[in-house]
Amino acid sequence: MEDITIRALKILRNVDFILAEDTRVALKLLNFYNIKNKLFSYHSHSSEYRINEYINEILNGNSAAIVSDAGTPCISDPGVSIIKLAIEKNIKIVPVGGISAFTSLLSVSGISGNTLFVGFLSNKSGKRRNQLKDLYNNQKTIIVIYESVYRVKECIEDIVNIFGEKTDIVIGREITKQFEQIIRSDAKNILDFFTDGSILTKGEFCIIIDNRKSKVCGANAENNLCKESDYDN
C-alpha cells in the first residue's frame, strides 16, 4: 500500500475514471487513501466491445488511469492491450513511476550486468522447458522471469535440469508486500528450500537467473558435475 507515489495518488483522484485488473483489489488501495472515483474492471477476459467503450470515453474527452493488481501496469499485465489500442487512436499515454517486482528484486540481488526481462513463461510444461533451453543456449546474461505459485516449484526443477545445479539464483516472493521473502542461493538449494518448506508456495514469484557462466554439462550429466568458465561479461 505504501509504495505508491504522491503523483500516482494525485492522478487517481483527478482522472475521470479508473480501470482496474481486479476492482476488489483496487478498492483496497482506493479506500486506504480515501479516493472516491469511478472504477471499472479491465482484465485479460474483457471483451473487445468493452475495451472500445473505454477508448471511446477517452476520445470524448475523459481521462483514465490503469491500475494493476500488483507492480507496474502493462508489465506482464493485461493492460498492454488497451495501451496498444490507445496508441492506434493517437491517445496521449503518460507513464507514472511506481513499484515493479523485477527492478526491486534486482536492486537487492547483488547481481549486476546486462539483464533480460522475460516475464511469465508458458503455463505449458513442455513449452516452458523449451523456452528455458532457448534462454540457456542463447542468452548468456542475467535473466529475470515471473512465475505463478502453481508452477514455481516445477519451474525451479526445470532450471536445475537445464541451467545446472550450481547456477546462481535469487528468488523473491511477494516483493515489497507484507510477507516478502528473498533468498539467494544456487538452483539446487533453492529447489531444496521449496521441498522443505523454507520458501512458502504462496503469492507471486520473481526469479533472477545468472546465466553468464557457461557450463559444459547440465544437471542431468553424470555425477551432476559442471565445469564453469569465467563470466562472459
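Mentor: Two strands pair if DSSP finds at least two bridges between them; strands (E, at least two residues) and helices (H or I, at least four) are DSSP runs, numbered from the N terminus. This is a predicted model, where local features need pLDDT of at least 70, side-chain atom pairs count only at pLDDT 80 or more, and totals for chains, interfaces and linings use all residues. Residues are numbered from 1 along each chain as its sequence is written, and side-chain values use heavy atoms, with hydrogens and water left out.
Trainee: How many bridges join β6 to β7?
Mentor: Six, and the two strands run antiparallel. Within that pair, Ile 169 stands opposite Ser 185 in β7.
Trainee: What's the strand order in the open sheet?
Mentor: β4-β5-β8-β6-β7, five strands with mixed pairing. β4 and β7 each have a single partner strand, so one side of each has no neighbour in the sheet.
Trainee: Which strands does helix α8 lie across?
Mentor: Helix α8, residues 187-196, lies across β6, β7 and β8. Its direction is at about 135° to β7, with axes fitted to C-alpha atoms, for helices over the stretch in contact (heavy atoms within 4.5 Å), and angles running from 0 to 180 degrees between N-to-C directions.
Trainee: Switching topic: where does Thr 115 lie?
Mentor: In strand β4, residues 115-120.
Trainee: And what does Thr 115 touch?
Mentor: Leaving out residues up to four places away in sequence, Thr 115 touches Leu 106, Thr 141, Ile 142 and Val 144.
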